[in-house]
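Q: I've got a model open and want to learn how to read it. Can we go through it together?

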Amino acid sequence: MFIIGIAGGTGSGKTTVVRKLIERLPGNDIVVIPQDSYYKDASDLPLEERRKINFDHPDAFEWPLLEQHIRQLREGQAIEQPTYDYISCTRQEATIHIEPREVIIIEGILALCDPSLREQMDLRIFVDADADDRLIRVIKRDIVERGRTADVVIERYQRVLKPMHEQFIEPCKRYADVIVPQGGHNTAAINMLAKFIRHQIISNS
């Protein structure tokens with residue numbers, strides 16, 4: 001088994017990098033574990049309080065559960081991955097059954113933040129992008145997927161995303177084995193990564 005961590009700022013293109021890697025790898029050999037699925041459950045709080053949660057801070061995640069699930073997959077055990085609803089800001093009752101695969105990708109803004117989780121990774125990738133590009137992607141995504149207005153997204157970017165990126169996400173670069181500038185647009189880097197991962201799959205089989 002080969003475990004990969006892919007981190008980077010909100011709107012940096014992490015999901016695009018993951019999708020393009022999957023397109024270049026054997027479909028049955030890879031599974032993606034989104035870090036976002038492991039946000040702490042806040043269903044005990046009123047909705048207005050839930051909406052104030054800082055989702056870009058390391059404290060927002062249930063790290064022990066994510067680490068436990070990665071260990072279980074490495075040991076050949078299936079897991080029940082939690083699901084999270086961004087509209088209600090709560091963990092859902094439904095889970096996703098995940099079987100172990102040759103390649104496990106952990107994808108999220110802070111995937112390289114936690115030392116214990118980082119130690120379980122065989123390859124650490126940081127997806128980099130200009131701040132302006134990230135902001136544009138965040139505005140488009142949050143309006144379509146999360147029902148927010150442009151004004152709300154920009155205010156949140158200035159108040160939360162930008163300072164959290166500078167304090168917690170950007171420093172994770174130093175833990176990366178590979179930095180991918182310009183995210184999913186960097187075809188050369190994605191091709192090289194896919195070739196390297198395919199080689200690891202063959203070597204481990």
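Q: In which loop is Y86 found?
A: Helices (H or I, at least four residues) and strands (E, at least two) are DSSP runs, numbered from the N terminus. Here, Y86 sits in the loop between strand 3 (79–85) and strand 4 (90–98). Before we go on: this is a predicted model, where local features need pLDDT of at least 70, side-chain atom pairs count only at pLDDT 80 or more, and totals for chains, interfaces and linings use all residues. Residues are numbered from 1 along each chain as its sequence is written, and side-chain values use heavy atoms, with hydrogens and water left out.

Q: Is Y86 buried, exposed or partly exposed?
A: Buried means under 20% relative accessible area, exposed over 50%, and partly exposed in between (1.4 Å probe, protein chains only). Y86 has 26%, so partly exposed is the label.

Q: What order do the strands of the open sheet take?
A: Strands of a sheet pair through backbone hydrogen bonds, either parallel or antiparallel. Two strands pair if DSSP finds at least two bridges between them. In this model, five strands line up as 2-5-1-6-7, with parallel pairing. Strand 2 (30–34) and strand 7 (178–181) are the edges, each pairing on one side only.

Q: How many bridges join strand 1 to strand 5?
A: Five, linking residues 2–8 with residues 103–107. Within that pair, I6 stands opposite E107.

Q: Which strands does helix 3 lie across?
A: Contact means heavy atoms within 4.5 Å. Axes are lines fitted to C-alpha atoms, for helices over the stretch in contact, and angles run from 0 to 180 degrees between N-to-C directions. Helix 3 (residues 63–74) lies across strand 1, strand 2 and strand 5, at about 170° to strand 5.
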